[in-house]
Amino acid sequence: MSNIPKEAKAAVLVGYNEPFEIRTYPVTKPKAGSALVELIASGICGTDIHIHRGKLGIVPPKVIGHEFIGKVVDIAEDDAKKCNINVGDNVIISIACPCGECLLCKNGDDANCVNMGVTNGGDPEELPHFHGGFCEYTYAPIQNMVKLDESLDPRVPAIFPCPGPTAIHAFKLAEQANCHIEKATTAVVMGLGPVGTFALIYLASLGIKNIIAITKGKNDQREQMAADFGATKVFNTDVVSEDDVKQYVLDITGGLGADVVFEASGAPSAVPFEMDLLRNRGVYLVPGQYSASGGIEIQPQVITFKALHIIGSSQYSMCDVKSYIDFLIANPQLHEKMLALGTFYKVEDINKAYEDIAKGLNVKSVLVK
């Protein structure tokens, strides 16, 4: 118990669009089947922004956040043997708790479990208090932890701990639908937040010839970042018209259109434009529309006449987290550039982090102890 503090801080969501409250709670020994993990880094995801704005139906008070990376400080001996994770190991934690019993779980698709639970849904005023990612310590079910390789700086996976598996899962769904993204010649990524940025990185790793990144809101640093990570062309639709972007795509594809479009903007208004960029039999991956942000009008005949593959993807599985870690280990040349994308804040400075996010100042905001 010597490494376990008596108390620790958590940033508590107390109301929509209201400042988080920093509260102190006692730290207790983990129950059987779970581990106590000390914060190294916990990212602020776009989903956390939607929750704070009341877009996803999460009812306060809550300790939200789901991108927790930390060091195990207490775990029962039997549990350590079961999961091969010991005190002192660095881990990345998933909050998803699929039921294991529904049709989708039994068919190997637990990312889309219809009875999905989460580890961060508890009341912070009740034991064990620390349920989510916005805290100095958290409790994780042993089956929800992936051990990080000792060679890996744990801050590196903290840059894309949810966006990475999210993008990877979308690409896996495409593969399962017999849509081989690695054979694409031209890919478009719409939106250069964390999900879009990792998708760009992943597409570049496949050696795709043309990778077009599209963003909105003038941000020279973000546009240069996209180029540095492998975008062959970057467009800002505040500067260049959608018609000009479409014409560029047509020009470089001999009038066909893009093989694949990856939606990561979260803007409903982007959907018709993105569909219009695709070639016949093009692949439209849609992990970015993750909140109730209003409806749009589309021309459904475009789907018919282009025979589009439209693949939605909202969650990811533990296997995708492992694939993300494997990707990082296989690509050490990316680590330094990825770390440069992070802006780090103490847990007690979370409201400053949210203010900076609202101003568009950061690519990735991360809480640290």
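The structure is a predicted model, in which local features need pLDDT of at least 70 and side-chain atom pairs count only at pLDDT 80 or more, while totals for chains, interfaces and linings use all residues. Residues are numbered from 1 along each chain as its sequence is written, and side-chain values use heavy atoms, with hydrogens and water left out. Helices (H or I, at least four residues) and strands (E, at least two) are DSSP runs, numbered from the N terminus.

**Stop 1: helix α8**

Select residues 270-277, which form helix α8. Six of the eight residues there are buried, so the helix is largely enclosed by the rest of the structure. Buried means under 20% relative accessible area, exposed means over 50%, and partly exposed lies in between (1.4 Å probe, protein chains only). The buried residues of α8 are Ala270, Val271, Phe273, Glu274, Met275 and Leu277. Next, display what surrounds them: they pack against β10 (186-190), β11 (210-215), α7 (242-252), β13 (258-263), β14 (278-286) and α9 (300-306). Contact here means heavy atoms within 4.5 Å.

**Stop 2**

Axes are lines fitted to C-alpha atoms, for helices over the stretch in contact, and angles run from 0 to 180 degrees between N-to-C directions. Angles under 35 degrees count as roughly parallel, over 145 as roughly antiparallel, 65 to 115 as roughly perpendicular, and the rest as oblique.

Show the side chains where the helices touch: Glu242, Val245, Lys246 and Val249 in α7 meet Phe273, Asp276 and Leu277 in α8. This contact of α7 with α8 comprises four nonpolar, no polar and three charged residues. In this classification, Ala, Val, Leu, Ile, Met, Phe, Trp, Tyr, Cys and Pro count as nonpolar, Asp, Glu, Lys and Arg as charged, and the others, Gly among them, as polar.

**Stop 3: α4 and its two partners**

Now select helix α4 (residues 163-176) and helix α5 (residues 194-205), whose axes come within 8 Å and cross at roughly 55 degrees. The two helices α4 and α5 are therefore oblique to each other. In their contact, Pro163, Gly164, Thr166, Ala167, Ile168 and Phe171 of α4 meet Pro194, Val195, Phe198, Ala199, Tyr202 and Leu203 of α5. By class, the contact of α4 with α5 has ten nonpolar, two polar and no charged residues.

The contact of α4 with α10 divides into five nonpolar, three polar and two charged residues.

**Stop 4: two buried aspartates**

Return to Asp259, which is buried, with a relative accessible area of 15%. Which backbone nitrogen lies 2.8 Å from a polar atom of the side chain of Asp259? It is that of Thr185. Leaving aside neighbours within four places in sequence, Asp259 is in contact with residues including Ala184, Thr186, Leu278 and Arg279.

Then select Asp89, in the loop between α2 (77-83) and β5 (90-93). Asp89 counts as buried at 15% relative accessibility. The backbone nitrogen of Asn86 lies 2.7 Å from a polar atom of the Asp89 side chain.

**Stop 5: a buried cysteine**

Move to Cys135, in the loop between β7 (117-118) and β8 (137-141). At 0% relative accessibility, Cys135 counts as buried. Not counting residues up to four places away in sequence, Cys135 touches Lys9, Ala10, Leu39, Val63, Phe68, Phe130 and Val347.

**Stop 6: backbone details**

Select Pro60 and Pro61, which are joined by a cis peptide bond with omega of about -5 degrees. Pro61 is in the loop between α1 (46-52) and β4 (68-75). The peptide bond from Leu127 to Pro128 is also cis, with omega near 5 degrees.

Finish at Arg281 in strand β14. Phi of Arg281 is near 65 degrees, a positive value in a residue other than glycine. Arg281 counts as partly exposed, at 48% relative accessibility.

Key:
A polar contact is a pair of N or O atoms within 3.5 Å; within protein, one must be able to donate a hydrogen and the other to accept it, and residues adjacent in sequence count only if both atoms are side-chain atoms.
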